[in-house]
Amino acid sequence: MKVVLVTALLAAASASPAQAQTSPSLSTGTVISSSATAAAPQPPAPPWVIGEIELQGNKNVRFSTVKGEIKARKGNLYDQPDLDGDVETLLGLGDFDRVAADVSSLATPVPAHFAKVSGSSTTIKLTFIVTERPIVKSIVWSGNKRLSRGLLGDTISLKKRDPVDPVKLREDEDKLLKKYHEDGFLEASVHSSVDTDTTTLKSVVTFTIDEGVKSRITWVGLHGVRSFYTNKLLRELKNRRGKVFVEKDLPADQEKLKDYYLNRGYLDVSVSSPTVFSSLDRQRLYIDYTIAEGRQYRFGDTDFSGNTVYVSTELAKALSYRRGQVFSQERYADSVRAIQEMYAEKGRLRARVLGQKTYNQATGLMDVHFDVTEGSIVYIDHVDVEGNKATKTYVLAREVVVKPGEMFKASRVRKSVEKIRNLGFIDDVDVDIESPSDPDKVDLTFDVTEGKPGMLTAGAAYSSLDGLIGTLSMQHMNLFGRAQRASVQWSFGQRVQDYSLSWTTPWVDNHPTSLGADVFNTRRINPYQNVLSGYVEKQTGATIRLGPRFEEDEYHLNFAYTFSRIMVSDVDSSLAGQLTEGTSYFSSISAEFARDTRDNIWDPTTGRLDSLSVTLSGGPLQGTINYIKPALTDASNYHLFDVDDYPFVLTLSNRAAYITQFGQTKDVPVFARFFLGGQDTLRGYSPTGEVGVPFGGKVFDVFNAELGFPLARERRRTIVKFVTFFDAGTAWDRVKDVRFWVGPDTQDIKTDVGFGIRFTTPAFPIRLDWGYGLNHRPGEKLYQINFGLGNLF
């Protein structure tokens, strides 16, 4: 018994109304074909048990591809909605023009456990009959001379082995035309053609291009300019002399000219729509603007009305301007936003601030009146997290500090965004605020965009001290989708051989407490005094870390226990009387209290990090090294200004520490003393005794200042950053030796300046610096090249 089902497009017109009424509808858009007559037996009733699955009509699409998309599986129960869905799924792939289904009975009886639910007593054979679209065999370019095939191929979405889709072909024609226009070929034309082999259903797609001539802007005229240099105004425009003309940028250029005047007090300015002329050969373009400047205004008095939550003097503190300043539309708008932000902090999310500017004839100033509609307090109804695919939802939700039922508070929403971003593998977070039926409630949705949590990197770098260094690292910031971090690192070179493994989870048993472990094996050739290869230091050991956090991660307590074996060997013969070869066992515990208000722990623009720590080695912890080391660290970040979306940030940092031995340890061992210079302290000096006492200090203080700005950003996140820096500091043997004089002597503070590049990816931050020392002694190298891993502050 066999019944053929086809799509409505293939339904036979001869099917009678009686047949249409008595035949079951087996899938969306399917009917009994004309081969099914009234005398034919009825098809097996659904639900069916599938005995076999076949695909007919395919030439280029594999059966495995189809099988992977459909729900039908051999031996499974299969119902009418399942067939409807599978037909729609196959049509949705884009590989087929038509999809039909053929259901026929087999001799095999249905399994006993399906006997009561199956519509027939035997299994069925399910055959999908498809009519394929041709696929792209190759893409041919004709007529392109100025733009390469590779560039054009990257512009279009059509690729080899894609199904030929006329709609997508037209879209690709538009994309190519847009690309040519962006490169100055305003007269370009693009046409596509398809040559299909009906036997193999493979097509050759040809894009025929007529490029035309390339046009450039020769002249931009600004008529009516009296108050500013024309060149300053022209620099605001995208369409300016020597550039390729982009028509869509003309409205934005007109607004930029207007904004330039508005932000400099010319509130009555008008800028005409641009007029564009071209030469007869279309190679030269001319753009003309007419500007009516008007007079310049200054800010006058400001008053408020409608405000009861804040008094006027409190609102006045949010103003970005003062009386007598040149009027700036940007400062005016910033003031409105700042006032609204104040109300949002009090739950008045729907507060409205309407400003009215009035020219005061008596003072000659522009007075401002702000009328405030405060609105009612808004509460949070629901909080959701969306957009995550690899990350468990609870991992993101636990970072959100706002809770249902709380009063809306803008700062807590920002804090939630910061905490999610600080996970390190989230590229962006958007907050969607929706109002349910109750006007005094809002729903918050944190829509996240996940980045790449894993990274395998290999590279090489050069530093003045260690020479050529190779690195191989494998990092994962979101292990198992639970925000756990794991890494394996290997650094190697003539003077360095480091291996390390690390694992950290940021939460323990649903508490904001981090837990981690490190295993390391390092070998380094260290300098000592003026000897570049003073001795070899080998360390093998492990660290266990525990770090509870409080007050929504603002306060940290960090504890760590480390046990390691430290070997000093291959001491240079000239240092035989000063250094002793041998093996020591280091057993220490450290405790740190820190306050962290940074907006981003990977690349901060505001906030500060302050910490006080103490490390105890030996004593009750056993081991052969006994010392205690208190340390103090402060790092502050100041967001100075923005250029477009690129923030300029000043970072000021100071680090100080003291170490002293006790018990049977007669002196602080060489590997625990403070040797300044190099990538982590004073970057214009070598750590070979150029800074501080040559045998290593027991007290040190280092100040670092960095001014950084992004070179590349992606989704509001800095990828590459350029910095300029200033360092100052030294190391002393005793506390009483401390003096704050700058100079070349051993006890003096040394200073340096320099610049560098930062690769700020959370998984593998890299620092490359060139530093120039300002207080070198005769014979010392004046500059250093430094390579560092991890953040400096």
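Leaving aside neighbours within four places in sequence, which residues is Thr-760 in contact with? The last of these close-ups has the answer.

This is a predicted model, where local features need pLDDT of at least 70, side-chain atom pairs count only at pLDDT 80 or more, and totals for chains, interfaces and linings use all residues. Numbering runs from 1 along each chain as its sequence is written, and side-chain values use heavy atoms, with hydrogens and water left out.

**View A. Phe-304 and Phe-370 form a stacked aromatic pair.** A search of the whole structure turns up 31 aromatic pairs. Rings of Phe, Tyr and Trp (its six-membered ring) pair if their centres lie within 6.5 Å, and planes under 30 degrees apart count as stacked, over 60 as edge-to-face and the rest as tilted. Here the rings sit 5.7 Å centre to centre, with 25 degrees between the planes. The pair links distant parts of the chain: Phe-304 belongs to strand β14 (residues 299–305) and Phe-370 to strand β16 (residues 365–373), 66 residues apart. Strands (E, at least two residues) are DSSP runs, numbered from the N terminus. Phe-304 is buried at 13% relative accessible area, and Phe-370 is buried too, at 0%. Buried means under 20% relative accessible area, exposed over 50%, and partly exposed in between (1.4 Å probe, protein chains only).

**View B. Trp-770 and Tyr-783 make another stacked pair.** Their centres are 5.9 Å apart, and the angle between the planes is 25 degrees. Trp-770 lies in strand β35 (residues 766–773) and Tyr-783 in strand β36 (residues 783–789), so the pair ties together parts 13 residues apart in sequence. Zoom out a bit and ring pairs link Trp-770 and Tyr-783 into a cluster with Phe-641, Phe-648, Phe-709, Phe-722, Phe-755 and Tyr-772.

**View C. Charged ends sit over rings at Tyr-332 and Phe-725.** For Lys-357, the charged end is 4.6 Å from the ring centre of Tyr-332. For Arg-683, the charged end is 3.8 Å from the ring centre of Phe-725. The criterion: NZ of Lys or CZ of Arg within 6 Å of the ring centre and within 35 degrees of the ring normal.

**View D. Thr-760 sits in the loop between β34 (750–759) and β35.** Thr-760 is buried, with a relative accessible area of 9%. A polar atom of its side chain lies 2.5 Å from the backbone oxygen of Thr-718. Back to the opening question: leaving aside neighbours within four places in sequence, Thr-760 is in contact with Asp-603, Thr-718, Ile-719 and Lys-721, where contact means heavy atoms within 4.5 Å.

Technical notes: Helix = DSSP H or I, 4+ residues; strand = E, 2+ residues; numbered from the N terminus. Polar contact = N/O pair within 3.5 Å; in protein donor to acceptor, adjacent residues only side chain to side chain.
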